[in-house]
Amino acid sequence: MSKETMEELRARLNSSSQYLQSNDMRVIEVREGYAKVEMIIDEQILNGHGFVHGGALFSLGDTAAGAASFATGRDSVTLSASINYIKPGIGGKLIAIAQEISRGRTTGVYEIFIFNDEETLLSRATFTMFFLDGDRHKNKK
């Protein structure tokens, strides 16, 4: 994909997903096998202890892995994922960096690091993405 096409992908991801918009997530950078996604920390994503809810961290990681895998030029869905929560989520925003580890014919594996805006590592995750080839609607009835 060309740089212009990557910018188009970034714009499409940011404008087409109500989920991203309603959760204050934004794809900042995308290139083949890589993505950077940010999420604003507000009271809606905090747990009862005042830290970022683990589900919000997982969701941000999933979004980053998806963006990085889409940048290969193929649509994908999450096949499996594993996350480690390292430090409590505090700060003004979250930054997820997704990097491709491996890409095969049907799957891609992405490692995600999530930091806060003070560059503290909050979590590390691995996502396996399944590539959807051909007509993705052919199996729908």
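A salt bridge is taken here as a side-chain nitrogen of Lys or Arg within 4 Å of a carboxyl oxygen of Asp or Glu. By this criterion the structure, a predicted model, holds eight salt bridges. One of them pairs glutamate 38 with arginine 26, with 4.0 Å between the closest N and O atoms. Because glutamate 38 belongs to strand S2 and arginine 26 to strand S1, this pair ties together parts that are twelve residues apart in sequence. Glutamate 38 is buried, at a relative accessible area of 13%, whereas arginine 26 is partly exposed, at 46%.

A further salt bridge links glutamate 32 and arginine 103, at 2.7 Å from N to O. Glutamate 32 is placed in the loop between S1 and S2 and arginine 103 in strand S4, so the contact ties together parts that are 71 residues apart in sequence. Both residues are partly exposed, glutamate 32 at 44% relative accessibility and arginine 103 at 36%. Through shared partners, salt bridges also join Arg26, Glu38 and Lys93 into one network.

Arginine 31 takes part in two kinds of interaction. Its salt bridge with glutamate 29 has the closest N and O atoms 2.4 Å apart, and its charged end sits over the ring of tyrosine 34, 3.9 Å from the ring centre. Arginine 31 is partly exposed, with a relative accessible area of 41%, and glutamate 29 is likewise partly exposed, at 33%.

Threonine 72 is located in the loop between H3 and strand S3 (75–85) and is buried, with a relative accessible area of 14%. A polar atom of the threonine 72 side chain lies 2.6 Å from the backbone oxygen of serine 69. Beyond neighbours within four places in sequence, the contacts of threonine 72 include Glu32 and Arg103.

The structure holds one aromatic pair. The ring centres of phenylalanine 58 and phenylalanine 127 are 5.2 Å apart and the planes stand at 50°, so the pair is tilted. Phenylalanine 58 lies in helix H3 (residues 54–70) and phenylalanine 127 in strand S6 (residues 121–132); the pair therefore ties together parts that are 69 residues apart in sequence. Phenylalanine 58 is partly exposed, at 30% relative accessibility, while phenylalanine 127 is buried, at 0%.

The largest nonpolar core comprises 33 residues, of which Leu60, Leu94 and Ile112 touch the most other members. Elements that each supply at least two residues include helix H1 (3–16), strand S5 (107–116) and S6. H3 provides the largest share, seven residues. Outside four places in sequence, isoleucine 112 contacts residues including Gly61, Ala64, Ile97 and Phe127.

Notes
Residues numbered from 1 in each chain as written. Predicted model: local features only at pLDDT ≥ 70, side-chain atom pairs only at ≥ 80, totals over all residues. Heavy atoms only, no water. Phe/Tyr/Trp six-rings, centres within 6.5 Å; stacked < 30°, edge-to-face > 60°. Helix = DSSP H or I, 4+ residues; strand = E, 2+ residues; numbered from the N terminus. Buried < 20%, exposed > 50% of the residue type's maximum accessible area, 1.4 Å probe, protein only. Lys NZ or Arg CZ within 6 Å of the ring centre and 35° of its normal. Polar contact = N/O pair within 3.5 Å; in protein donor to acceptor, adjacent residues only side chain to side chain. Contact = heavy atoms within 4.5 Å. Core = buried A, V, L, I, M, F, W, Y, C linked by side-chain atoms within 4.5 Å.
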